[in-house]
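Have a look at the structure first, and keep it open as you read.

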Amino acid sequence: INGRRSFISLETGDYVAAMQRAREIVESPELQPAQSFTAEVERFLKHKYETNRYSKMSAQSKRSCLAMFADSVNDTPPANVTANHCKVFYNAAKARVVPSTAESYMFTLRSFFNWCLRENLCRRNPVLAVQLDRIDRGVARHGQRHLVAVVLDERDRARERLLRRRVVRAS
């Protein structure tokens, strides 16, 4: 860059993956100069809001998530964020919040980095390398299962009462 040698981590020990990433860099060596992570987050949210993809409330929620991530990476520019940064953030989030919330944080990050790719602020989306936990979307908690059973029992009793009334009326 500017006649000076630069070293860029390819973030892999795999020879084939390293060659692919090196080719990406050679083919497109220049990224748009990025501001801090936080500044790029504001540009992202402004874009989403102005294109009616986020409401004001949604943008505030996303800002909160992205600010937590910015703190965890010390406001590193998006091009320097690694998959490991994302994994560490995800694991820390799982320790603080319910799994579905941690997952939504990662979806927000994935959306942000997809935007960064389109803006040529980074070469790859580091979130894609993070394996998210499988979340059972069914009735997961015992208390909820119990509540469903109670509701279904009550429904069955109501049906029986209705049938008895019909039998009594018919006779």
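Which residues does Gln 35 touch, not counting residues up to four places away in sequence? In this predicted model, the partners of Gln 35 are Glu 40, Arg 43, Pro 77 and Pro 78. You will find Gln 35 in the loop between α1 (15-27) and α2 (37-50). Gln 35 counts as partly exposed, because its relative accessibility is 46%.

Now zoom out to the overall fold. The protein has 6 helices and 0 strands, so reading along the sequence gives the pattern α-α-α-α-α-α. It has 171 residues, and 25% of them count as buried. If you take the contacts between residues at least 6 apart in sequence, 63% join residues at least 24 apart.

The crossing of α3 past α4 is right-handed. On the α3 side, the residues that meet α4 are Cys 65, Met 68, Phe 69 and Ser 72; on the α4 side, they are His 85, Cys 86, Phe 89 and Arg 96. Sorted by class, this contact has 5 nonpolar, 2 polar and 1 charged residues.

A disulfide is a covalent bond between the sulfur atoms of two cysteines, and the cut-off used here is a sulfur pair within 2.5 Å. For Cys 86, the closest cysteine sulfur belongs to Cys 122 and is 10.0 Å away, so the two are too far apart for a bond. Cys 122 is in no disulfide either, with the nearest cysteine sulfur, that of Cys 116, 4.9 Å away.

Are Cys 86 and Cys 122 buried or exposed? Cys 86 counts as buried because its relative accessibility is 0%. Cys 122 has a relative accessible area of 3%, so it is buried as well.

Methods
Residues are numbered from 1 along each chain as its sequence is written. This is a predicted model: local features need pLDDT of at least 70, side-chain atom pairs count only at pLDDT 80 or more; totals for chains, interfaces and linings use all residues. Side-chain values use heavy atoms; hydrogens and water are left out. A crossing is left-handed if the near helix is turned anticlockwise from the far one by less than a right angle, and right-handed if clockwise. Helices (H or I, at least four residues) and strands (E, at least two) are DSSP runs, numbered from the N terminus. Contact means heavy atoms within 4.5 Å. Ala, Val, Leu, Ile, Met, Phe, Trp, Tyr, Cys and Pro count as nonpolar, Asp, Glu, Lys and Arg as charged, and the others, Gly among them, as polar. Buried means under 20% relative accessible area, exposed over 50%, partly exposed in between (1.4 Å probe, protein chains only).
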